[in-house]
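Please open the structure in your viewer and keep the selection panel at hand. The stops below go from one selection to the next.

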There are 2 protein chains.
Amino acid sequence: MAEIRIGEYLFRRLKQMGIETAFGVPGDYELALLNYVEPAGLNWIGTPNELVGAYAADGYARLKGAAALVTTFGPGELSALCGLGGSFCEMVPVLHIVGYPSFAAQASGQILHHTLGDKSYDHYVRMSSELSCATAVLKDPSNATAEIDRVLNAMMYHSQPGYIGITEDVVKTLVPASSLDATMIHMALSSGTEDDRALAAIMAALEVSKNPIVIVDGGAGRSSWASHAIELVKALKSLHFNTVMGKGIVGEDDPLFAGCYAGVGSLPATSKAVEQSDCILWLGHMPSDFNTGMFTEDVGQKQFQARMNTVLPRLSESIKSSSVLSQRAPPTPVEYFPKVPLEVPSSIISQAWLWPRLSSFIKPGDMIVAETGTSQIGALATKTPQGVYYWTQAVWGSIGYAIGAAVGAAIAGKELGQYRRMIVFTGEGSLQLTVQAMSILNRHGVIPYVFILNNNGYTVERYFEGWDAAYNDVPDWDYSGLFRSFAPNLSTNTVKARSAAELDKLLSEESFQNATIPQCIDMTLDKYDAPAGLRAIFDFKKKMAGA
Amino acid sequence: MAEIRIGEYLFRRLKQMGIETAFGVPGDYELALLNYVEPAGLNWIGTPNELVGAYAADGYARLKGAAALVTTFGPGELSALCGLGGSFCEMVPVLHIVGYPSFAAQASGQILHHTLGDKSYDHYVRMSSELSCATAVLKDPSNATAEIDRVLNAMMYHSQPGYIGITEDVVKTLVPASSLDATMIHMALSSGTEDDRALAAIMAALEVSKNPIVIVDGGAGRSSWASHAIELVKALKSLHFNTVMGKGIVGEDDPLFAGCYAGVGSLPATSKAVEQSDCILWLGHMPSDFNTGMFTEDVGQKQFQARMNTVLPRLSESIKSSSVLSQRAPPTPVEYFPKVPLEVPSSIISQAWLWPRLSSFIKPGDMIVAETGTSQIGALATKTPQGVYYWTQAVWGSIGYAIGAAVGAAIAGKELGQYRRMIVFTGEGSLQLTVQAMSILNRHGVIPYVFILNNNGYTVERYFEGWDAAYNDVPDWDYSGLFRSFAPNLSTNTVKARSAAELDKLLSEESFQNATIPQCIDMTLDKYDAPAGLRAIFDFKKKMAGA
């Protein structure tokens, strides 16, 4: 009987799922495991630290549907937890594989490094269980493959992280190679009455509605249903919108697209159109504070809980064959977008000018990650056409995420072969958390553009509290120098844009638009300048607090 | 009745304990809290990320006895956990203060950012409880000061991290100012029969012993008993040794010091002297793998569990007044130290030459942190005289620790006024995890020297597994460029030492020894070169595995 090692089984399972790259940082308890990565046909991408690895895995999974992160017991795995928390709450399936000390060593009664010194080996899996839909520490080789499959199934079903701990001895244990032939059945509810009821209710509501709209949000593992949403919007021919989390699914170049709905943070015409509709079909509704302009959405409650992947295609078909809907007059497009000021300000870059100006720079085939904070809100005013993959962390909101996620996305983009540029919008305060990610961003064949909003500190925090407090300042760094120093043997281009005119000129250059080497754009902005949407949200909060 | 806010109470309590600086990263839920740091008389040191903040707090606490780290709920606190795990297992009291969303917001039933999206607020405190000796999330203002004191007491008693979560609303609640007058009683066992028995047993053993020795180890919160160990060694006048964790307590310039005992990783004369003794007084015994040369110590078991802080001073007194011990002939010093080769190798820097060569560079008044890995083992061959504060993480072994811990130590050193130079030994692979710490290392009045062992990857890991595996390589960075770019507005000096001759010349220069600006020394080493102690440990492991 042909046999394979459990370590090999694991990585070949991942390969079967379409995972072609594993991320992580080596550590001694995990080295035995790493020897099976490349023989299983996966690439290994070492990241400068585990948090960057976790963000990279998240970025990769958002494009490719799943990802793997490998770390070592104790310090290694704990360093990744913030990233996995983000994957958990934003429904991104990342498998966290942790190399454990052998059972022989555990049983020795000695104090091993990377432990808490108390000879207990289950502290860390308990911690990770708070952020995982399933965990397993493989103990018994006879059920190890079943346990691996159980965690993988749960991860894909819930679209959330799973955790598998493997000791140095179990990694090398032999199991039948035929285990790999078993179908990895992803648990699924049977398509039944629940779906039928939802479908009937939605169709009934749509058919009596005078002006139905669609809001494409980002909840419920959006990567799995994104393509169905595009089809639905095309079939319904109504006005459609997105949200902070839903941006980047349906192209904003569609004439019926009418803006990003973020409560009081929305553009006026967008708010008006949403709030006037008598029937809102809200896909993947994720009512978190950052996603709704701090809960300022105002749209009545008509939610349907349905299984997106089966209901949406059926709904598109029903819409196409509905005589009522096909006879309805098409809605009038909404002029929601701010007129891009033709005149370039003579001053430094303002948030009001920057984001609309970036619209013409964005092309189909781009990937964009916008950092939590001013970038996340500002980028709502940048148009992203169909074929752009865009996302931001609207629930977890971990600063430092964007540059790490961009690493994984760039690699996924290359594997998918359909992306050419990786565009990151981040603030300098956020970048400081994970700046070393820049060192691996530019080595994998997709061209990164790192736009740094350099505004002397944590501007969003200033709006919350401490307008001029020293704790909201960050130290000055030379970002161009860093970008070069992280990749001294590669050609890179760094630009300091001190004025709107300088940036405008750069964005207009064809050689910049079609760059062949990594680009870092260090943009000087005013310390107190924030996107209009952000100001509106804070003004509203202040009014509420004072009322 | 005079009243103060709970936030102010907390930081004034810390100030009473001798904590003069709080470390951390701002986040919106925590900003209300940060407004009380400086009014309470503490300095705020923002760190580029939370892991660096946790390491900095650990380094600060090792010198000053306790430290405080402030982070925000969710992503912020989770990013710090690896650092707190290290403080937990190496017995360093760090208070982790976490800013929580207000109870009003929690009760709203809305999905707040930084949560897991499930409207539950106790995931993170459960996770931290695995790494804390006490936790509290302050809910009831009427017992908040008592809860704060309870956690602080436990933290000092166990010499381990404590966790206090404070919501935005509780921070601002008023409590009587007189609460601050209550004595912060640190729980302590009564000095009783347990101590007496230990003392009597130790004295009896010492008096019948022909050649007693002392091994000063690093367990049990060494900062609290370090001064008593120095006194004891002086009183006993026997040969004494240290360990990987105990190095940096008693000066190695004492004629009776006979080396660092690390099992088969020890120098031959050191092993011989330890193993020939008929009575070993082992202070703060910490039998972890990295601390004992992978459990290769061979010294019989004669342990005493006693309360170090009360027993050690009494023991010193008893020794001084013992007529038996005072009549004993002093032991012959042991020539354990490798002869420093006078000749500088004509090649690149070798580990065999490097570490003994550094001895003459080290002076009283220095602080040294050696990273886990080749630095940790290599530095055993560097002599550290009395008045040098030295440490390394021998249990937790988290790479990236050294440069972060150095930040906190530099600030503590400045506050203590007795340290002049902060010397860091780290590998380039380790440095990559937390490289941004360099940006705040050089701004606080103590002069840092960052010695980077640049050897193309994770050399220690190569000895474990994957001698030539790509996963043990790290990308090339320009460390000099990074050092400058992290502090573009400060004068710094960066040196690339490509040969032993270049390094030797540098170390001999008075201007380098007495530098007034930060120094970064990027040393080229061979990829496979390791300190002799490390080779010995791996040879022993291989022999055991083969036997």
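Two residues are taken to be in contact if their C-beta atoms, placed from the backbone, lie within 7 Å. Keep in mind throughout that this is a predicted model.

Begin with chain B and select helix α3 (residues 50-64) together with helix α5 (residues 81-89), whose axes come within 7 Å and cross at roughly 20°. Because angles under 35 degrees count as roughly parallel, α3(B) and α5(B) are described as roughly parallel to each other. Now show the side chains where they meet: α3(B) contributes Leu51(B), Ala54(B), Tyr55(B) and Asp58(B), while α5(B) contributes Cys82(B), Gly83(B), Leu84(B), Gly86(B) and Ser87(B). Sorted by class, this contact has 5 nonpolar, 3 polar and 1 charged residues.

Finally, move to chain A and select the open sheet of 4 strands, which runs in the order β11-β10-β9-β12 with parallel pairing. Its edge strands are β11 (257-260) and β12 (279-283) of chain A, and the twist averages 20° from one strand to the next. Strand β9 (residues 212-216) of chain A pairs with β12(A) over 5 bridges, and there Ile213(A) has Ile280(A) as its bridge partner.

Note on methods
Residues are numbered from 1 along each chain as its sequence is written. Chains are lettered from A and ligands numbered from 1 in the order in which they are written. This is a predicted model: local features need pLDDT of at least 70, side-chain atom pairs count only at pLDDT 80 or more; totals for chains, interfaces and linings use all residues. Axes are lines fitted to C-alpha atoms, for helices over the stretch in contact, and angles run from 0 to 180 degrees between N-to-C directions. Helices (H or I, at least four residues) and strands (E, at least two) are DSSP runs, numbered from the N terminus. Angles under 35 degrees count as roughly parallel, over 145 as roughly antiparallel, 65 to 115 as roughly perpendicular and the rest as oblique. Ala, Val, Leu, Ile, Met, Phe, Trp, Tyr, Cys and Pro count as nonpolar, Asp, Glu, Lys and Arg as charged, and the others, Gly among them, as polar. Two strands pair if DSSP finds at least two bridges between them.
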